[in-house]
Amino acid sequence: YCHNPETWADGGEEWTPEQLFQRVYRYRNYWGKKGGITVSGGEPLRQMDFVTRLFQLARAKGVHTALDTAGEPLILGITAKPDCIKPNREELEPLYGYRLATTESLAEAAWQLLHRGVGQVVVSLGAQGALLATREAVLFAAAPTVTALNTTGAGDTMTAALIYARLHGLTPEETLQFAVAAASAQGGREK
């Protein structure tokens with residue numbers, strides 16, 4: 001999926017979730033046992049039935065699924081029960097209708113998502129760091145002190161770091177530290 005408006009031309013080829021999954025799955029040897037499918041942005045999730053079915057097919061074959069989006073697509077995307085979601089605080093708050101101002105309130109929100117079938121919740125908190133929740137633990141990592149230069153893409157960098165960590169077998173603690181460091185390095189420089 002591509003969520004860049006310049007790619008929204010008429011034409012193209014229609015795919016079923018089964019066709020797309022089969023096309024992606026044939027590269028399973030390249031991913032190894034820890035690879036998977038990540039859906040990000042908003043536009044792909046305008047077809048939530050498609051994404052839900054794609055994630056169902058992936059789960060049936062043991063393929064990890066990750067979701068990085070916001071707004072209604074995040075709300076709908078949770079119903080697909082992805083293995084991992086990575087909203088930031090502002091993207092997560094509309095699901096609850098109130099400000100998630102404390103680490104405790106973020107942990108409780110993440111815990112609720114875990115009980116709705118999401119496998120792992122990572123909440124990026126900008127200059128504060130991030131929270132990672134699994135059924136076994138809730139972890140927090142503070143961000144290093146950096147001078148923010150341009151934070152565009154820091155969330156995408158964190159998502160990429162989470163995928164890298166999964167592929168390389170990092171522990172949850174190592175995963176969170178690596179993801180926070182990568183996002184911080186993308187958006188700034190050390191003070």
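Buried means under 20% relative accessible area, exposed means over 50%, and partly exposed lies in between (1.4 Å probe, protein chains only). By this scale Glu-93 is buried, with a relative accessible area of 13%.

## Basis

This is a predicted model, in which local features need pLDDT of at least 70 and side-chain atom pairs count only at pLDDT 80 or more, while totals for chains, interfaces and linings use all residues. Residues are numbered from 1 along each chain as its sequence is written, and side-chain values use heavy atoms, with hydrogens and water left out.

## Salt bridges

A salt bridge is a side-chain nitrogen of Lys or Arg within 4 Å of a carboxyl oxygen of Asp or Glu. The count comes to 3 salt bridges. Helices (H or I, at least four residues) and strands (E, at least two) are DSSP runs, numbered from the N terminus.

Arg-53 forms a salt bridge with Glu-18, with the closest N and O atoms 2.8 Å apart. Arg-53 lies in helix 3 (residues 48-60) and Glu-18 in helix 1 (residues 17-25), so the pair ties together parts that are 35 residues apart in sequence. Arg-53 is partly exposed at a relative accessible area of 32%, and Glu-18 is partly exposed at 33%.

Between Lys-86 and Asp-68, the closest N and O atoms of the salt bridge are 3.9 Å apart. Lys-86 lies in the loop between strand 3 (84-85) and helix 5 (89-92) and Asp-68 in strand 2 (residues 64-68), so this pair ties together parts that are 18 residues apart in sequence. Both Lys-86 and Asp-68 are buried. Arg-99 bridges to Glu-93 at 2.7 Å between the closest N and O atoms; Arg-99 is exposed, at 52% relative accessibility.

An open sheet is formed by 6 strands in the order 1-2-3-4-5-6, with mixed pairing; two strands pair if DSSP finds at least two bridges between them. The edge strands, each pairing on one side only, are strand 1 (36-40) and strand 6 (138-142). Strands 1 and 2 pair in the parallel sense over 5 bridges, and Thr-38 stands opposite Ala-66 in strand 2.

Helix 3 packs on the sheet, touching strand 1 and strand 2 (contact means heavy atoms within 4.5 Å). The direction of helix 3 makes about 165° with that of strand 1. Axes are lines fitted to C-alpha atoms, for helices over the stretch in contact, and angles run from 0 to 180 degrees between N-to-C directions.

## Helix pair

The axes of helix 7 (residues 154-167) and helix 8 (residues 172-187) come within 8 Å and cross at roughly 145°.
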